[in-house]
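Please find below a short note on the model under review. The points are numbered so that each may be answered separately.

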Amino acid sequence: MAEEFFTREFDNGLTLVAQRMPHVSSSAITIALSAGVSCDPDDSAGSASTASLWLLRGAGDRDTRQINDVLDSLGCQHHEAAQSEHLLVSSAQLGKNLPELLEIYSDILRRPRLSDETFSPCRDLVAQTLDGLEDEPMRNCNILIREKFYPPPLGNHPLGTKESLADLKPKSLRSHLKNRLTPNGTIMAIAGQFDWEKLSGTIEKHFGDWEGPAPAEVSTSPAQQGTTHITKDTAQVQITLAYPAATINGELYYAARVTQMILSGGMGARLFTEVREKRALVYAIAARYHSLKDFAGLFVYAGTTPQRAQETLDVTVGELRRLAEGVSEDELARAKIQLKSALIMQGESTSARADALAGDFHHLGRLRGLDEISRAIDAVAVNDVMEYVRAYPAENLTTLTIGPDKLQAPNPT
Amino acid sequence: MQFEQQTLPNGLTIIAEVNPSAASMATGFFVRTGSRDESPTLPISGVSHFLEHMMFKGTDRRSPFDINREFDEMGAAYNAFTSEENTVYFGAVLPEFQDRVLDLLSDMMRPALREDDFQTEKKVILEEIALYQDRPQFRLFEKLMARHFGEHPLSHSVLGTPESIRALKRDDMLDYFNRRYSPGNVTLVAAGNLDWDALVAKASSACGHWKDYSVSRDTPENSGTRQSGSVVDSKLLRQHIGEMSAGPGAQDERRYAAYMLAMILGDFVGSRLFYALIEPAIAEEASCSYEPMDGTGIFMTFISADPDRASQAVKIARDEYDKFMADGPTDQEMTASANKIASAATLKGELPMGRLTALGFDWVYRQEYKPMSDHIEQIFAVTSEQVHELTKQFDLNATTTLTLGPNE
C-alpha cells in the first residue's frame, strides 16, 4: 500500500511535508529550524540549547505557565532539542488537537517573549546539564566523539562550555534567534491523523504571513580527529571510534546502512558476536550510523573494565577492518531484512514518521516511500558492500576514550 | 481489536489482542519472577537477571549463535528484561514470521544452561554491573530500594553484586529455574496483526509438554523503613537525591489516582516540582513517579542539583508536598494530567510493542483484560478528592531518603 504523502512549499520559504496514516488517532509534528548547534555564534556556544528552553518561557499572550498548561491540556508529548543542524521542536498528541497546537507553535516560533527574567534560569539549566555529563561518562563520550570527528562547527558540543555560557547574554541571543527563527528553510513535518485540506489551510493561516531572512550558511573548518584520552576514575573505560561513511544523499548510502547492520544490526551481527558473545569483553557494544547533510560517520561504542580495554579496542578495530576480507550472502540477507523490518515497524509510529519525513526533505529535498527504500535495500549485493568498504575503510579512526589509563591507538594497516 | 484467551492443560495461559490493521506483531513470555523471588535461603543475588541472559545461550536444539542468528534472519526487534518481579522475553516481527518467532522463543524458555556458556556470560554480567556503576541515578535507585524496603523482598538487587555473581554456580541457577519457570507462572502474550488459532496451535505443540508445579510468592505489605542516609562519592560533580514513600499496589484501584498524583507533583514539565525547582534553575532534574508493584507500591522523587544547593532543593520539594497534602490538586491540574496520561497511553498503544507490555502486565498482576480506552476512561474518572484523599492514606513526606554525591 502506497503512503499518502503531501507537500506544500510556501512563498516565504517554509516547506510542509505530511503523511496521512489512516489507522491511528494520533498525530505528530516535527519542525526543523535552521538554528542548530552548528549555527551558534562563534563566541556563544550553548546558544541553541539555551534557546530550546527559553522559547517555551512565554510566547504571545501566554506566560510560561500558561504555555505549559495549554500544551498539557492538549495532551502534547512535546520535546525541544538542539541538534547539529537544526533546532527541533516536536510534539505528538491526538490528531484532533493538532490545529490548536499549531496556533500555539505560531506564538512560540513567531512571538516568543524571550524576556531577560527567564533567560538566566534557562542558561543555568544548560550549565547544570553540562556538569551532569561529567557524572555520566557514557553519554559524555558519545557527544565528545562528534566534536572530534566532524568538521567544526558541525560536531560542536551542544551545551557549550562553562565560559561560553557565562558570557551568553539575552540581548545577543535574541538577535541571533531573530535571524534564525525564520520560515526560510524551515521544514514542518506532520504524520498521522489529519485532513490535508484543513491542515494545509490551518498552517497557511498561522504561518503563511511569517517573514524572515534566509539563514546564513554555516562554513566549516577541518576536523581535529586523531586520538583523545580523558583520564577519569571510572568503573568502565568508555571507548568511542568514528570513521567516515556515505551520506544519506550519497550514492553508496544503502550499502552504508547494510554495512552498519552487518557490523551491528542484531545480536548475531559481527561486533556483538565477536566482542561480547565469544569473548565476553563488554555488556554494551554498538555501531551507529549518523549523517549530517554533507558529512556522515559510523560511530562505534564499547564500554569495558580497564584491564580488558586494550583487548576490546583491538578486537573491535579488527572487526571493522575484517569487513574488507568479505561478507557472506547470509549476513547480507540478514542485514537487509533487519533494515526493511525496522522500516516497516517505524512506519507504525507517528513520531518516528514525522522525524523521518523531516529528515528525508532535509537530506534529499523529497520524501521516500517504503517501496523505494525497500527496492534500494533489495538491490544491495555483496559487491556493493565490498565497493563501499573499499571507499570507506576503517582507517584514520577518530578515537576518544574516557577511563583511568590511556590505550594504545589502533595500528594503521 | 479482539481479545483472546486460553489456558493449556499444563497451566500456561495465552492471551492476545488482535489488531488486523497493525503492520507487525509482538509476542513475549512474561514470567512472574524477579529479584524479589530470590529466596534468602540461597546464597545468591542476581540469579533472575543472570538467568535471563542464559536463556539466550542455547537449548538442546540451538547454540547461542543460532538463537541470535535466527532472530536476525526474521528482522526481529527482540530482547528481554528483568525487574524485581518480572522477567520478560519478547520479539516484534512482521506477521509472516509469527510461527517462527514463537518456535524460537518457546524453545529458549527451556534452556540448556551449559557450564562453559555460564562461565563466559558471567563476565558479561560483571561488565553490566560495572556499566551501571558509572550511572549515578541507577546506583542511587538501587541503594534507595534496598534501604526503603529493608527486610522486604523488594529490597533485593536485580543485578546482584560482583561477589554474588562470582559465587553463583550453574546448579544454583538450574535449581532457581526449576522452582520459578513452571508454565502456571508464565503467560504467553501477543499483540498486533496475528493469527490467534495458529498461535494457540504453536504454543500447544511447543510448550504443552512443560511440566507444571506449584510456584508461590510472598507479598507482604510494606510502608518503608523511612531512614535517611548519604553515600559520599567525591568523584561526582552533582548531588543526586532520591526519596521513596509508600503507594498503592498493582492490585489496588487507587493506582489511577496515584498516577495522577505523581504526574501533578513531578512530571518533567508543568508539574509542581517543575515550577518550584526547574523553572528557577534550583535543580536541573526534579521528578516524581509512581510505580505499582505486587501487593505494594512506591512514589519516587529524584532530584539532581549543584551540591551547595541540594539541601535547599530538598526543602523546597518537601514544602511543595506539604502544600499539596494540605490543599490537594486544582481542577486545572487534574485536567492537564489526565490529558497527558491519556495521550502518552494512546501513542504507546498504537505500537504492538507498546500494547504487549500493557496487556501482559494487566494479566500478570490482575488476570484482567482492559482495552486501552478503558484505562483512559478510568484516568479521566479520578476526582480531585480521590487524589487528595490518597495523600492522607499515603504520607508523601514519610520518606526513605538517600543522597549520592560529593556532600553528605
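Predicted model: local features only at pLDDT ≥ 70, side-chain atom pairs only at ≥ 80, totals over all residues.

1. In chain A, the domain assignment gives domain 1 as residues 4-207 and domain 2 as residues 227-403. The C-alpha centres of domain 1 and domain 2 of chain A are 28 Å apart.

2. Between these domains of chain A, 33 residues of domain 1 are in contact with 26 residues of domain 2. On the domain 1 side, at least two residues each are supplied by β2 (15-20), β3 (26-33), β5 (87-94), α5 (137-149) and β6 (187-192) of chain A. Of these, α5(A) gives the most, with nine residues. By class, this side of domain 1 of chain A has 21 nonpolar, ten polar and two charged residues.

3. For chain B, the domain assignment gives domain 1 as 2-207 and domain 2 as 228-405. The centres of these two domains of chain B, taken over C-alpha atoms, are separated by 27 Å. The contact takes 30 residues from domain 1 of chain B and 21 residues from domain 2 of chain B.

4. On the side of domain 1 of chain B that touches domain 2 of chain B, the elements that each supply at least two residues are β2 (13-18), β3 (25-31), β5 (87-93), α5 (136-149) and β6 (186-192) of chain B. Here α5(B) gives the most, with nine residues. The residues of this side of domain 1 of chain B divide into 16 nonpolar, seven polar and seven charged.

5. The contact between the chains takes 57 residues from chain A and 52 residues from chain B. Elements of chain A that each supply at least two residues to the side touching chain B include α2 (64-73), α10 (270-278), β10 (296-304) and α12 (329-346). The largest share of this side of chain A, eight residues, comes from α4(A). Its residues comprise 18 nonpolar, 25 polar and 14 charged.

6. Within chain A, helix α1 (residues 47-54) packs with α4(A) at an angle of about 125°, and their axes are 9 Å apart. Angles over 145 degrees count as roughly antiparallel and those from 65 to 115 as roughly perpendicular; α1(A) and α4(A) are therefore oblique to each other. The crossing of α1(A) and α4(A) is right-handed.

7. Which residues make the contact of α1(A) with α4(A)? From α1(A) they are S49(A), T50(A), L53(A) and W54(A), and from α4(A) they are T118(A), F119(A), C122(A), R123(A), L125(A) and V126(A). By class, this contact of α1(A) with α4(A) has six nonpolar, three polar and one charged residues.

Key: Residues numbered from 1 in each chain as written. Chains lettered and ligands numbered in written order. Domains from an automatic or database assignment. Contact = placed C-beta atoms within 7 Å. Helix = DSSP H or I, 4+ residues; strand = E, 2+ residues; numbered from the N terminus. Nonpolar A, V, L, I, M, F, W, Y, C, P; charged D, E, K, R; others polar. Axes fitted to C-alpha atoms, helices over the stretch in contact; angles between N-to-C directions. Parallel < 35°, antiparallel > 145°, perpendicular 65-115°, else oblique. Left-handed = near helix turned anticlockwise from the far one by under 90°.
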